[in-house]
Amino acid sequence: MEIALGVLVLVAVVCAGSALGRKLNISVPLVLVLIGVAGSFLPFVPDIELNPEVVLVGLLPPLLYAAALRTSLFDFGSNRRAIGLLSVGYVIFGTVSVGFVVWWLFPEIPLAAAMALGAVLAPPDAVAATAIARKVGMPRRIVTILEGESLVNDATALICLRAAIAAISGAVSVAGIAGDFLLAVGGGLVVGIAAAYVLTMLRKRIRNVAINTSTSLVAPLVAYLPAEAIHASGVLAVVVTGLIMGTKAPSMPNGAARLSQRSNWNTVQFLLENSVFLLIGLQVRSIVEGVQDDSLGAGRIWAGCAVILLAVLVLRPVWVFPATYLPRLIPSVQRKDPAPPWQFPAIVSWAGMRGVVTLAAVLVLPEDLEHRSVLILAALVVVGGTLALQGFTLPALVRVLRVQGPDQREDALNQASLTQLATAAGVARLHELRTEDDPPEVVSMLKRRTQERGLAAWERLGRPSGETATPSERYARLRLAMLEAEREKVLELRRGGEYAQEVLTAVLDRLDVEESMLDGVLEEVDTSGDGGGEGVAKPGGECAHLESAGSPEVPGDAFCDDCVKEGTTTVHLRMCLDCGNVGCCDSSPASHASRHFRTTGHPVMRSIEPGEDWRWCYADDLLG
């Protein structure tokens with residue numbers, strides 16, 4: 001009964017805290033940590049003992065798997081050097097550096113135990129950094145690097161922790177550490193790939209949505225348990241499986257199963273990751289009370305914890321800046337991947353919040369270890385300090401450094417262009433498959449529905465919703481009203497008892513599927529029409545700039561000259577239709593195309609990316 005009540009309260013507080021954070025526009029993880037801290041000092045709240053096994057087996061694998069499902073394997077591969085230097089290099093550097101700082105502060109603590117604490121404190125949290133990164137609108141490359149780091153760094157840290165714990169007992173050697181590391185990494189990769197292969201084969205053959213979704217939900221354990229059984233890295237196996245499954249999922253059959261997987265994993269991730277932050281706060285009172293009688297003395301302990309926090313904050317930029325720029329001293333690396341502006345490593349340096357894995361891992365230390373409570377308190381101070389200092393100030397730092405996140409206008413243009421290409425492929429397949437016996441009205445209906453979906457993507461670039469609604473938006477709102485009337489009629493007939501429950505459920509399910517699709521259309525309209533001001537140039541000459549723009553020839557070897565001069569990265573290329581200047585798009589760090597318009601006043605540019613021929617008027621915010 002007490003467990004059921006505890007779960008109920010936990011879920012209720014998580015939901016209420018999340019709603020409060022979103023309403024106040026405050027980071028939800030930070031709100032839940034503060035609620036947990038306050039709750040830990042309330043007399044009627046029982047002491048919550050964080051079981052490391054529950055976190056490392058019950059929470060960490062599904063959280064990492066959910067994050068890996070959303071991570072692009074291609075983006076991960078293109079940023080593998082930066083991710084590897086952070087998730088492996090920085091963790092090892094942080095383990096050793098923090099370990100020596102702890103040993104210097106508290107010589108009474110064995111060096112092996114100090115190194116164990118270093119391993120515990122080294123990895124930033126898999127949830128906190130990316131949750132805040134997405135909220136503040138960082139550039140996609142930074143988010144990708146932080147996500148990739150958080151997926152792999154826990155595996156490195158836990159391997160280092162195993163070695164340190166073995167050293168505490170005296171049963172360790174350099175050769176043994178190297179062998180364990182190779183087994184952990186190699187075994188984790190092999191098991192992860194094997195698990196992904198088995199799960200992919202199974203899910204391709206399972207048509208039942210419930211069974212297919214259940215297979216997805218147990219995937220983290222399918223990867224984690226065999227890897228741990230052979231003393232490999234279960235965390236790494238889970239990440240590898242998630243990356244492969246996330247890449248394979250869109251090509252698998254059964255769209256209903258794919259929708260069910262996304263919906264269920266979104267719910268699981270929401271509950272687990274928010275519960276994690278609440279649990280962090282609830283640990284505060286018991287951990288603080290645990291050091292009251294330690295022989296090192298309260299003043300020395302708290303001062304030492306503050307120094308350890310400072311070391312953690314300082315050591316990350318000490319590693320990140322050289323790791324960012326030193327590899328680019330190699331000409332081949334510089335040509336392939338030019339150095340980013342200094343603001344990028346500055347943000348990555350400050351996005352190092354620690355989380356519940358740190359607290360859970362420190363509890364793995366042997367119970368009979370002298371001054372164990374001090375090490376646990378140091379972990380708590382680092383977790384709380386980084387969440388408070390970095391979590392609260394990271395959004396302000398992004399604004400001060402004027403780092404631009406993804407450009408919604410550019411995303412909408414790319415989405416419309418991609419949808420148009422997909423629509424053309426669908427119509428081409430229709431022409432291949434149609435026969436003389438196909439009713440003309442069926443072919444006409446298929447073409448019309450496909451083309452309407454493509455046009456709707458371009459309509460989302462239209463004027464804000466304060467002006468006339470686009471046809472697709474008006475269609476969605478009218479159809480939703482019709483569906484509501486249809487549902488009311490079905491429910492009315494259900495009360496009469498004339499139809500079987502199975503028949504009623506089938507009809508209601510179809511209505512729900514159509515309603516969910518229309519809700520998605522309106523959500524996109526709401527998010528894209530919040531004030532972008534961008535629009536579609538309508539026939540009839542609404543924009544004189546677009547009508548009078550020239551058509552200079554596109555150079556065959558076009559590149560952004562300003563990006564080359566400044567050493568910045570080009571994402572997409574745009575060409576001015578007045579003078580032919582080629583600049584980078586607004587998703588690029590320097591936005592040279594927009595800068596050219598502000599400097600010269602030339603209003604119209606066009607995309608010169610392969611397969612794109614749309615034009616854009618900066619003066620009127622219109623697409624042509």
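Predicted model: local features only at pLDDT ≥ 70, side-chain atom pairs only at ≥ 80, totals over all residues.
1. Start with helix α6, which covers residues 111-121. How many of its eleven residues are buried? Ten of them are, so this helix is mostly covered. The buried ones are Ala112, Ala113, Ala114, Met115, Ala116, Leu117, Gly118, Ala119, Val120 and Leu121.

2. Next, look at what does the covering. The buried residues of α6 are covered by elements that include α5, α8 (140-168), α15 (298-325), α18 (356-362) and α19. Two of these, α5 and α19, come up again below.

3. Now go to α5, which runs over residues 80-105 and holds both Phe100 and Trp103. These two sit three residues apart, or about one turn of the helix. The whole structure has four aromatic pairs, and Phe100 with Trp103 is one of them. A pair of aromatic rings is described by the distance of the centres and the angle of the planes. For Phe100 and Trp103 that gives 6.4 Å centre to centre and 55° between the planes, and the pair is called tilted. Why tilted? Because 55° is neither under 30 degrees (stacked) nor over 60 (edge-to-face).

4. Which residue puts its charged end over the ring of Tyr90? Arg316 does, with that charged end 5.2 Å from the ring centre.

5. Over to α19, residues 372-400, where you'll find Phe392. This residue is partly exposed, with a relative accessible area of 44%.

6. Last stop: Leu577, in the loop between β2 (573-576) and β3 (582-584). Is Leu577 buried or exposed? It counts as buried because its relative accessibility is 5%, and the cut-off for buried is under 20%. Leaving aside residues up to four places away in sequence, Leu577 touches Ala549, Gly550, Pro552, Val604, Met605, Arg606 and Arg615. Take Pro552 from that list: Leu577 and Pro552 are 25 residues apart in sequence, yet their C-alpha atoms are 6.3 Å apart in space.

Terms used: Residues numbered from 1 in each chain as written. Heavy atoms only, no water. Helix = DSSP H or I, 4+ residues; strand = E, 2+ residues; numbered from the N terminus. Buried < 20%, exposed > 50% of the residue type's maximum accessible area, 1.4 Å probe, protein only. Phe/Tyr/Trp six-rings, centres within 6.5 Å; stacked < 30°, edge-to-face > 60°. Lys NZ or Arg CZ within 6 Å of the ring centre and 35° of its normal. Contact = heavy atoms within 4.5 Å.
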